[in-house]
Amino acid sequence: MTTGAQTPNPARPRRSRLRTSLPLGVAAWLVLEIWLLTVVAGASNGLVVLLVLLAGLALGSVVIKRAGRRAFKNLTETLQQQQNGGSAEPRPNSEGNGLMMLGGLLLIIPGLVSDAVGLLLLVPPVQKAVSRYAERKLREAGGGSLGDAFQQTRIHRPDGKVVQGEVIRDEPGATPGDFPQGPRPPLSR
């Protein structure tokens, strides 16, 4: 039992618009994908739909593999330059690896709409436009590191309680930082 003033139950925070509409949007996207596949199957036959889905799977796998190799090559070259004392200069082909991987992933996901969006993300002018838009949105969202984002989410928990502490181990006859080296005895019931 604790003593002191009890904290009143704070009002439950409102759900963000994204959390409310995202499940509905995903459901609508799935229904659209299934409907388009049935329309294509009705216009041609089921074998054509199967071949389109398999082609998307194969092309998406190739795109993801290529983008991953390119990103790994850029990373190793950058690390080698830094170890040799050189400065890391931006490479002309280093941008767009993430968008290429996203395009490949969308190609792998079964469906015609996801295939169309995945193919669009493979076009270099579209990649540049999307990356510029994403950079602008990130700058508008405000600066800060990833640690700041985690700190903010921890502080703004619904119950509002934050308990900071430190674990201190007091063992008789032990100096600070001295931990037992041997196996511990088994726990008895």
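Select Ile-108 first: leaving aside residues up to four places away in sequence, Ile-108 touches Gly-56, Leu-57, Gly-60, Ser-61 and Ile-64, where contact means heavy atoms within 4.5 Å. The model is predicted, so local features need pLDDT of at least 70 and side-chain atom pairs count only at pLDDT 80 or more, while totals for chains, interfaces and linings use all residues. Residues are numbered from 1 along each chain as its sequence is written, and side-chain values use heavy atoms, with hydrogens and water left out.

Stay on Ile-108, which lies in helix α3; helices here are DSSP runs of H or I with at least four residues, numbered from the N terminus.

Now select helix α2, residues 46-83. Its 38 residues should span 56 Å at 1.5 Å a residue, and the end C-alpha atoms are 55 Å apart, which agrees; the expected span is 1.5 Å times one less than the number of residues. Colour the buried residues of α2, which are Val-49, Gly-56, Gly-60, Val-63, Ala-67 and Asn-74. Helices α1 and α3 are among what covers them.

Next, show α3 (residues 97-108) with α4 (residues 112-120): their axes come within 7 Å and cross at roughly 160°. Axes are lines fitted to C-alpha atoms, for helices over the stretch in contact, and angles run from 0 to 180 degrees between N-to-C directions. That crossing makes α3 roughly antiparallel to α4; angles over 145 degrees count as roughly antiparallel, under 35 as roughly parallel, 65 to 115 as roughly perpendicular and the rest as oblique. To inspect the contact, pick Gly-103, Leu-106 and Leu-107 of α3, then Ser-114, Asp-115, Val-117, Gly-118 and Leu-119 of α4. These divide into four nonpolar, three polar and one charged. Ala, Val, Leu, Ile, Met, Phe, Trp, Tyr, Cys and Pro count as nonpolar, Asp, Glu, Lys and Arg as charged, and the others, Gly among them, as polar.

Keep α4 and bring in α1, residues 17-43: the two pack at about 100°, with axes 7 Å apart. Helices α1 and α4 are therefore roughly perpendicular. On α1, select Trp-29, Leu-32, Glu-33, Leu-36, Leu-37 and Val-40; on α4, select Leu-112, Val-113 and Ser-114. This contact has seven nonpolar, one polar and one charged residues.

Notes
Buried means under 20% relative accessible area, exposed over 50%, partly exposed in between (1.4 Å probe, protein chains only).
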